[in-house]
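Take a look at the sequence and the 3D structure below. Then read on for a short tour.

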Amino acid sequence: NASALAFIDWCCSEFKPTSHDCFASHAPLHFDLSIFDLYVAIRCGARIRLINASEARQPRRLSQLIATDAVTVWYSTPTVLRAMLEFGNLTDHDHSSLRLVCFAGEVFPTRHLRALGSAWSRPTYVNLYGPTETNVCSFYRVKEPRHLPDDEKLAIGYACAGNQLRILCADGQQALPGEEGEVLVSGASVMRGYWGPLGYE
């Protein structure tokens, strides 16, 4: 699928994975997050630590395997990261191998992201955004997550994978800074057959 390949190519260019990396594959195979875990790792020749359904429900086990398998790249929903933060005994393990922590699928509450940034100060944190039909269409690198103010709302960031983003108001006009609108996506990662509410492809 060309849209998946566009995303994979973008990830390889943006995150520079190598054969020295170890990706944790936490998402089930029917969830679009798994495209990153599996195919980006395969493209760059990295190791993949497959996480089974039983392990996926145990924050302490997840915390342990990051250390024992020297995981360098983690991608999951914020809920999973929050569970590890609260119940995974992070301080009991050496997670210094982590270099990249990506999250998507829901809003990451600022106070929890700040706490995770304090526990894991080394990795780069990236908020990935996009509906399933586009996989990921935008990204935002979080600067100094451990210093985020309480009222900070994470941006969805910049277009990726050759995409173009537009924010339109209800009347179809381009939204101005500060105005609310609907995100329309076009470009390489948009799956065939995806149509926006105003008839844009």
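Phe 103 is buried, and Phe 108 is buried too. These two rings form an aromatic pair. Their centres are 4.9 Å apart, and their planes stand at 85 degrees. That makes the pair edge-to-face, because an angle over 60 degrees counts as such. A search of the whole structure turns up seven aromatic pairs.

Aromatic residues also gather in one cluster. Its members are Phe 7, Trp 10, Phe 15, Phe 23, Phe 36, Tyr 75 and Phe 139.

How far can the coordinates be trusted? This is a predicted model. The protein chain has an average pLDDT of 91. A score of at least 70 is reached by 96% of the residues. Among the elements, strand 4 has the highest mean pLDDT, at 98. Strand 9 (residues 182–186) has the lowest, at 88.

Next, the helices. Two packed helices are described by the angle and the distance between their axes. Here, helix 1 covers residues 2–15 and helix 2 covers residues 33–44. Their axes come within 10 Å and cross at roughly 70 degrees. Helix 1 and helix 2 are therefore roughly perpendicular to each other. The crossing is right-handed. Which residues of helix 2 make the contact? They are Ile 35, Phe 36, Tyr 39, Val 40 and Arg 43. From helix 1 come Ala 4, Leu 5, Phe 7, Ile 8, Asp 9, Cys 11, Cys 12 and Phe 15. Phe 7, Phe 15 and Phe 36 take part in this contact, and they also belong to the aromatic cluster.

Now turn to the backbone. Asn 89 has a positive phi although it is not a glycine. Asn 135 also has a positive phi, and it too is a residue other than glycine. The table sets out their values.

| Residue | Phi | Relative accessibility |
|---|---|---|
| Asn 89 | about 50 degrees | 34% |
| Asn 135 | near 55 degrees | 5% |

Where do they sit? Asn 89 lies in the loop between helix 5 (78–87) and strand 4 (100–103). Asn 135 is in the loop between strand 5 (124–129) and strand 6 (138–142). Are they buried or exposed? Asn 89 counts as partly exposed, because its relative accessibility is 34%. Asn 135 is buried, because its relative accessible area is 5%. The cut-off for buried is under 20%.

Notes
Residues are numbered from 1 along each chain as its sequence is written. This is a predicted model: local features need pLDDT of at least 70, side-chain atom pairs count only at pLDDT 80 or more; totals for chains, interfaces and linings use all residues. Side-chain values use heavy atoms; hydrogens and water are left out. Rings of Phe, Tyr and Trp (its six-membered ring) pair if their centres lie within 6.5 Å; planes under 30 degrees apart count as stacked, over 60 as edge-to-face and the rest as tilted. Buried means under 20% relative accessible area, exposed over 50%, partly exposed in between (1.4 Å probe, protein chains only). Helices (H or I, at least four residues) and strands (E, at least two) are DSSP runs, numbered from the N terminus. pLDDT is the predictor's confidence in each residue, from 0 to 100. Axes are lines fitted to C-alpha atoms, for helices over the stretch in contact, and angles run from 0 to 180 degrees between N-to-C directions. Angles under 35 degrees count as roughly parallel, over 145 as roughly antiparallel, 65 to 115 as roughly perpendicular and the rest as oblique. A crossing is left-handed if the near helix is turned anticlockwise from the far one by less than a right angle, and right-handed if clockwise. Contact means heavy atoms within 4.5 Å.
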